[in-house]
Amino acid sequence: MAQGANRTTAQVVGVVVLAAAVAGFLAVAAVRHGFFDLKVYYGALTWWVHDGGEIYDYLKPGTQYGFTYPPFAALVMLPMAYLPWTAAIVVSVLASVATTTVLIWWLVDPIARRSGWTRWFALAVALCLAAAFEPMRETVNFGQVNTLLLFLVAVDLLRLLPAGNRWTGVGIGLATAIKLTPGVFIVYLLVTGRWRAALTASGTAAGVSLLAAALFPDASREFWTEALWNTGRVGELAFVSNQSLRGVVARLDPEHPSTLLWLLLVLGTLALWAWRSRAAVAAGDEATGLALTGAVMCLVSPVTWVHHLVWLLPALILLVDNAMAAPAGRRRRRVLLVAATIGYALLISRTVWLWEKDFTGVDGFLGSNAYVWVSLALLAFLPIRRWLTPNGSAVEASGVPQLDQPDRRAPTGQRHLVGRPLTVR
């Protein structure tokens, strides 16, 4: 009893110390954006609802930024127009914190149980580390919707799909209708042969978009015919915050970025993603499928601001998961933990901003695109695992049989909750 109490006390003290260290780090390193994007949403909705203007005609005073999301997003955010500004901030922060907490719990809890860690302690440590993660803190400081979209996709891929739930795809469809880029997960479902889920996702996205069109015909017409194609509303492609392949190409020649080079890079990246995603699904590894697709979305999107890189969070956690599932003392565990540490360290460091004004030269090419290199490394090298089927036989992936491990068997609907053997991938 005394030993257990001492352990709990030590863990509480450890979490408090870590939280204080993260708070100190954020006080020094975090940039305060004053909920800039939330102000854009709030201003556009207020202009639309109370001032009689069209939502896509609104620009935040003194800037070129306006509301860039589809009309269904405006419908989802509509209650914001009836809230005081302070209340809108509170709702935005609480939504980010709640969705992040649930997602991290889903990904970290299996590691904690398999490794014998105290589960609340593992979650608390992970949340502290997530708070220091630059894409996460940028999401909160800008008042962005990234964690909500990631959560909706994760509900489908981590909870509903492994359980064979017939509603799988609704979350992806809603995320796609709110912001078009999660539509890559519909492609993921198609590439990996989950036709029903893909149809559900597509139908959901189309259905709620048509609902928004019926309710707001003028706004819908303007978005799909004009605002969607006005790339000047999203910002400069060569800006160092754009950590996508398009950003890499634009920084090579800001005046005349090569569209052909970008398309070739996108095609090669998509081919790698399709191959690895199919291998992940063949192994029953839906979590890695989610992580790979999040990484490729960041890479191939024309604009991936730093705060969009919250989609890399599952991949970093899965690196730790893979490391802890490897036998203690093995080189594999050390390599994966080092990789996770390097990736995380880069993504809390604001490294790319050192080249914000001048990204020329070899150092500029390497440094200003540092987060792109992390995304590419995760896409190419994140390990893929094999599930064991309920009868104990291994699911084949890349033709290598997996040894039976009876303690890791689980019913199909509970596979995401247990430790899994590793593949050499």
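1. A residue counts as partly exposed when its relative accessible area falls between the buried limit, under 20%, and the exposed limit, over 50%. Tryptophan 224, with a relative accessible area of 37%, is therefore partly exposed. The model discussed here is predicted.

2. Phenylalanine 223 pairs with tryptophan 224 in an edge-to-face arrangement, with 4.8 Å between the centres and 85° between the planes.

3. The structure holds 17 aromatic pairs. In one of them, the ring centres of tyrosine 42 and tryptophan 85 are 5.2 Å apart and the planes meet at 65°, so this pair is edge-to-face. Tyrosine 42 belongs to helix 2 (residues 36-49) and tryptophan 85 to helix 4 (residues 85-115), so the pair ties together parts 43 residues apart in sequence. Tyrosine 42 is buried, at 19% relative accessibility, whereas tryptophan 85, at 26%, is partly exposed.

4. The largest nonpolar core has 109 residues, and Ile55, Phe67, Leu157, Phe185 and Trp311 have the most contacts inside it. Helix 14 (residues 286-300) supplies the largest share of this core, 10 residues. Another core, of 5 residues, lies apart from it and includes Val22, Leu26, Ala30 and Cys128.

5. Leaving aside residues up to four places away in sequence, phenylalanine 185 touches Val153, Leu157, Ile172, Leu290, Thr293, Gly294, Met297 and Trp311. Two of these, Leu157 and Trp311, are also listed among the residues with the most contacts inside the largest core.

6. Helix 13 (residues 259-282) has 24 residues, which at 1.5 Å a residue should span 34 Å; the end C-alpha atoms are 34 Å apart, in agreement. After the helix comes glycine 284, which has a positive phi, near 80°.

7. Which residues of helix 13 are buried? They are Trp262, Val266, Thr269, Trp273, Arg276, Ser277, Ala279, Ala280 and Val281. The cover over the buried residues of helix 13 includes helix 9 (184-191), helix 12 (245-252), helix 14 and helix 18 (370-381).

8. Trp262 also has a charged neighbour: the charged end of arginine 246 sits over the ring of tryptophan 262, 4.7 Å from the ring centre.

Technical notes
Residues are numbered from 1 along each chain as its sequence is written. This is a predicted model: local features need pLDDT of at least 70, side-chain atom pairs count only at pLDDT 80 or more; totals for chains, interfaces and linings use all residues. Side-chain values use heavy atoms; hydrogens and water are left out. Rings of Phe, Tyr and Trp (its six-membered ring) pair if their centres lie within 6.5 Å; planes under 30 degrees apart count as stacked, over 60 as edge-to-face and the rest as tilted. Helices (H or I, at least four residues) and strands (E, at least two) are DSSP runs, numbered from the N terminus. Buried means under 20% relative accessible area, exposed over 50%, partly exposed in between (1.4 Å probe, protein chains only). A charge sits over a ring if NZ of Lys or CZ of Arg is within 6 Å of the ring centre and within 35 degrees of the ring normal. A nonpolar core is a set of buried Ala, Val, Leu, Ile, Met, Phe, Trp, Tyr and Cys residues joined through side-chain atoms within 4.5 Å. Contact means heavy atoms within 4.5 Å. The expected span of a helix is 1.5 Å times one less than its number of residues.
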